[in-house]
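Please walk me through the model below, from its overall build to its individual contacts. Keep the explanation plain.

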Amino acid sequence: MKISLKHIFVSLVILSVFLPMVNFAYAEDDILRNLETAAGAANLQRTANLQLFIGRIIQFFLGFLGIIFVGMIIYGGFMYLTASGDSNKAGKAKNLIRDAIIGVIIVLAAYAIAYTVISQIQASMTSGGGTG
């Protein structure tokens, strides 16, 4: 069975739509758990509302960026499929897809950095570390 570029593209689009949804759902739980622990260690009041607010902001931005990513990939794929052999149009489409993938990598790296910082703050607050 011959696998065409169209089959690969459709498979990648389906994966890019559904796979981030699973990861973003877990990301919110981890962030909320770390914020709850850090806020509890700092004896902050009304922590549930703050945690929920920050978690929803992060979830909104990650979801919004995921939608933009999927849109750019679909648009780049459409441009590539309709290039009709024009190497200039095909090159622009490949660049758009490449740029979208780089953007997602940057967003995921930013999330990883934020998650690490929140985890370190949580660890330092629960271990009693600090000056004073």
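**Fold, core and surface**

The protein has three helices and zero strands, where helices (H or I, at least four residues) and strands (E, at least two) are DSSP runs numbered from the N terminus. Read from the N terminus, the order of elements is α-α-α. This is a predicted model, in which local features need pLDDT of at least 70 and side-chain atom pairs count only at pLDDT 80 or more, while totals for chains, interfaces and linings use all residues. Residues are numbered from 1 along each chain as its sequence is written, and side-chain values use heavy atoms, with hydrogens and water left out.

Confidence comes before detail. The average pLDDT (the predictor's confidence in each residue, from 0 to 100) is 76 for the protein, and 71% of the residues score at least 70. Helix α1 (residues 5-41) has the lowest confidence, with a mean of 67, and helix α3 (residues 87-126) has the highest, at 85. Where pLDDT is low, the predicted coordinates should not be read in detail.

Of the 132 residues in the protein, 20% are buried; buried means under 20% relative accessible area, exposed over 50%, and partly exposed in between (1.4 Å probe, protein chains only). The protein exposes about 9,400 Å², and carbon and sulfur atoms supply 69% of that area. Accessible areas come from the Shrake-Rupley method with a 1.4 Å probe, and for residues only the protein chains shown count as cover. Among contacts (heavy atoms within 4.5 Å) with a separation of 6 or more, 65% are between residues 24 or more positions apart.

The largest nonpolar core consists of five residues: Val-13, Phe-69, Val-70, Ile-73 and Ala-100. Helix α2 (residues 47-81) supplies the largest share of this core, three residues. Such a core is a set of buried Ala, Val, Leu, Ile, Met, Phe, Trp, Tyr and Cys residues joined through side-chain atoms within 4.5 Å. Leaving aside residues up to four places away in sequence, Ala-100 touches Phe-69, Met-72 and Ile-73.

In soluble globular proteins, nonpolar side chains tend to be buried together. Here there is also a nonpolar patch on the surface, formed by Phe-53, Ile-57, Phe-60, Phe-61, Phe-64, Leu-65 and Ile-68, with about 680 Å² of accessible area together. Patches are made of residues with over 30% relative accessible area and no salt bridge; like charges are joined within 9 Å and nonpolar side chains (Val, Leu, Ile, Met, Phe, Trp, Tyr) within 5 Å. Phe-60 lies in helix α2 and counts as exposed because its relative accessible area is 54%.

How many salt bridges are there? The count is one, taking a salt bridge as a side-chain nitrogen of Lys or Arg within 4 Å of a carboxyl oxygen of Asp or Glu. It joins the side chains of Arg-98 and Asp-99, at 3.2 Å from N to O. Arg-98 is partly exposed at 44% relative accessible area, and Asp-99 is partly exposed at 38%.

Two further positions can be checked in the model. Ala-41 is in helix α1 and is partly exposed, with a relative accessible area of 34%. Its C-alpha atom is separated by 5.9 Å from that of Thr-126, 85 residues apart along the chain. Beyond residues up to four places away in sequence, Ala-41 touches Met-125 and Thr-126. Ser-84 is in the loop between α2 and α3. Its phi is near 55°, a positive value in a residue other than glycine, and Ser-84 counts as exposed at 71% relative accessibility.
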